[in-house]
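Subject: A structure for you to look at

Hi,

Here is the structure I promised to pass on. Have a look at it first, and then read my notes below.

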Amino acid sequence: MPSTNTKALTAYRQRQSRKGVVRLELQVRQEDAALLRNIARALSDPSRETAVRSLLNQEFGDRRNDALKALLASAPIDLDLARNEDRGRDVEL
């Protein structure tokens, strides 16, 4: 690529990066390509992005955080954290 094109592409990528936009490449079946394009379009539409993002997070979000929260919620509250005053055994030097 000529240097003017390289500079323009670099400037464009820097602008996108400042906006928080990342480039993502996917390899999917041909029949799924249109669906993923529509999802990307919906996520970039300010009027629909919140609803689409919450729907996708609900269905495909990170489930590990939910499991940890459930485990912590089910933990007993009355934990006894007091330690005994055992100083060990007497040692002759």
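This is a predicted model: local features need pLDDT of at least 70, side-chain atom pairs count only at pLDDT 80 or more; totals for chains, interfaces and linings use all residues.

Residues are numbered from 1 along each chain as its sequence is written, and side-chain values use heavy atoms, with hydrogens and water left out.

**The whole chain**

The protein chain has four helices and zero strands, so called because helices (H or I, at least four residues) and strands (E, at least two) are DSSP runs, numbered from the N terminus. Reading from the N terminus, the order of elements is α-α-α-α.

How does the chain's radius of gyration compare with that of a compact globule of 93 residues? The globule would come out near 12 Å, but the protein chain has 27 Å. (That radius is taken over C-alpha atoms, and the globule rule is 2.2 Å times the number of residues to the power 0.38.) Along the principal axes, the C-alpha atoms fill a box of roughly 85 × 40 × 30 Å. Of the 93 residues, 5% count as buried.

H1 covers residues 3-18, which is 16 residues, and it reaches 22 Å from its first C-alpha to its last, close to the 22 Å expected at 1.5 Å a residue. The expected span is 1.5 Å times one less than the number of residues in the helix. Threonine 4 is found in H1 and is exposed, because its relative accessible area is 58%. Its C-alpha is separated by 15 Å from that of glutamine 14, 10 residues apart along the chain.

Just after H1, glycine 20 takes a positive phi of about 90 degrees. Further on, valine 28 is found in the loop between H1 and H2. Is valine 28 buried, exposed or partly exposed? Its relative accessibility is 41%, so it counts as partly exposed. Leaving aside neighbours within four places in sequence, valine 28 is in contact (heavy atoms within 4.5 Å) with Ala33 and Leu36.

**Where H2 meets H3**

The axes of H2 (residues 30-44) and H3 (residues 49-60) come within 7 Å and cross at roughly 125 degrees. Those axes are lines fitted to C-alpha atoms, for helices over the stretch in contact, and angles run from 0 to 180 degrees between N-to-C directions.

Which residues make the contact? On H2 they are Ile39, Ala42 and Leu43, and on H3 they are Glu49, Val52, Arg53 and Leu56.

Leucine 43 lies in H2 and is partly exposed, since its relative accessible area is 28%. Not counting residues up to four places away in sequence, leucine 43 touches Glu49, Val52, Arg53 and Leu56.

As for H3, its 12 residues reach 16 Å from first C-alpha to last, close to the 16 Å expected at 1.5 Å a residue. H3 is hardly covered, with one buried residue among its 12.

Cheers

Conventions
Buried means under 20% relative accessible area, exposed over 50%, partly exposed in between (1.4 Å probe, protein chains only).
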